[in-house]
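Here is a friendly walk through a protein model for someone who likes to know how each number was defined. Please have the sequence and the 3D view open as you read.

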Amino acid sequence: MLAGLAPPVQAPGMRLTQLAALAGTPLALGADKALPTRLLVVPWGTSQTRLGPVTVNATTLAQFAANQQAAKYDRVAFDFQHATVKAKPGDEPIRVAGYGTPEIVEGEGIYLSAIEYTDEGRSVLPQGHYPDISPTVVRNPAGEVIFLHSVGAVRQGEIDGLTLFGAPA
């Protein structure tokens, strides 16, 4: 379904959506705060957002891995404020906090796993400037997530409870 797709351009009938999280827990930062290596980036079920419902379900489970593989997105960027989505030709190098592997777990949602941070990510993220998590996803016409382009560390957002230093994944 996404064969030949060069994300973040979406295929006909698909919607590319940048989603950000509303902080659901107090920001807990400090020199002793380790950056997580696994983050829940889209919870299982339907999340209501200003951009419409976003659903992770059996359709996601059935299509997600194949779509990630077809687009060669076995590792995705963990960027700042959706920099990899907003980039234009000539913007390189695009600063990112790190890279991780998309992982879907039935009944739980989509995770960014095995996160490896850049020097900039290790320096900036613990400072608390970007406390929330924001996935950029492709949804089918029913609003079901079928692809993850990237994850942003952001200031504000849409999906309740997704924070950088929230509950352990």
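Gln81 lies in the loop between strand 6 and helix 2, where helices (H or I, at least four residues) and strands (E, at least two) are DSSP runs, numbered from the N terminus. Before going further, please note that this is a predicted model, in which local features need pLDDT of at least 70 and side-chain atom pairs count only at pLDDT 80 or more, while totals for chains, interfaces and linings use all residues. Residues are numbered from 1 along each chain as its sequence is written, and side-chain values use heavy atoms, with hydrogens and water left out.

Most residues other than glycine have a negative phi, and most peptide bonds are trans. Because its relative accessibility is 22%, Gln81 counts as partly exposed; buried means under 20% relative accessible area, exposed over 50%, and partly exposed in between (1.4 Å probe, protein chains only).

Ala114 is not a glycine either, yet its phi is positive at about 50°. This residue sits in strand 8, and Ala114 counts as partly exposed because its relative accessibility is 46%. The backbone also holds a cis peptide bond, which joins Glu92 and Pro93 with omega of about -5°. Pro93 belongs to the loop between helix 2 (83-86) and strand 7.

## The overall build

The protein has three helices and eleven strands. Along the sequence they follow the pattern β-β-β-β-β-α-β-α-β-β-α-β-β-β. Of the 169 residues, 50% count as buried. The accessible surface comes to about 8100 Å², and 54% of it belongs to carbon and sulfur atoms; such areas come from the Shrake-Rupley method with a 1.4 Å probe, and for residues only the protein chains shown count as cover. Among contacts between residues at least 6 apart in sequence, 73% join residues at least 24 apart, a contact being heavy atoms within 4.5 Å.

## How the strands pair

Two strands pair if DSSP finds at least two bridges between them.

| Strands | Sense | Bridges |
|---|---|---|
| Strand 6 (residues 76-80) and strand 10 | parallel | four bridges |
| Strand 9 (residues 132-139) and strand 10 | antiparallel | eight bridges |
| Strand 3 (residues 39-43) and strand 8 | antiparallel | four bridges |
| Strand 7 (residues 96-105) and strand 8 | antiparallel | seven bridges |

Strand 10 (residues 145-154) is mostly covered, with ten of its ten residues buried. Ser150 in this strand stands opposite Ala77, and Ser150 is also the bridge partner of Thr136. Strand 9 and strand 10 form a hairpin with five residues between them, and Gly143 in the turn has a positive phi of about 85°.

Strand 8 (residues 109-117) has seven of its nine residues buried, so this strand is largely enclosed by the rest of the structure. Within strand 8, Ile110 stands opposite Val42, and Ser113 stands opposite Thr101. Strand 7 and strand 8 make a hairpin with three residues between the strands, in which Gly107 takes a positive phi near 80°.

## A pocket and a tyrosine

How much space lies in the second largest pocket? The value is about 220 Å³, a volume being the space filled by probe spheres set on the grid points, which are joined across faces, edges and corners. A pocket, on a 1 Å grid over the protein atoms alone, is an open set of points where a 1.4 Å probe fits, with protein on both sides within 12 Å along at least five of seven lines; lining residues have an atom within 4 Å of a point.

The lining of this pocket is made of Tyr73, Val76, Ala77, Thr84, Ala87, Lys88, Glu92, Ile94, Val96, Tyr99 and His149. Strand 6 and strand 7 are the elements that give two or more residues to that lining. By type, the lining residues divide into seven nonpolar, two polar and two charged. Here Ala, Val, Leu, Ile, Met, Phe, Trp, Tyr, Cys and Pro count as nonpolar, Asp, Glu, Lys and Arg as charged, and the others, Gly among them, as polar.

Tyr73, one of the lining residues, lies in the loop between helix 1 (58-70) and strand 6. Tyr73 counts as buried because its relative accessibility is 19%. Tyr73 and Phe147 are 74 residues apart in sequence, and their C-alpha atoms are 9.1 Å apart in space.
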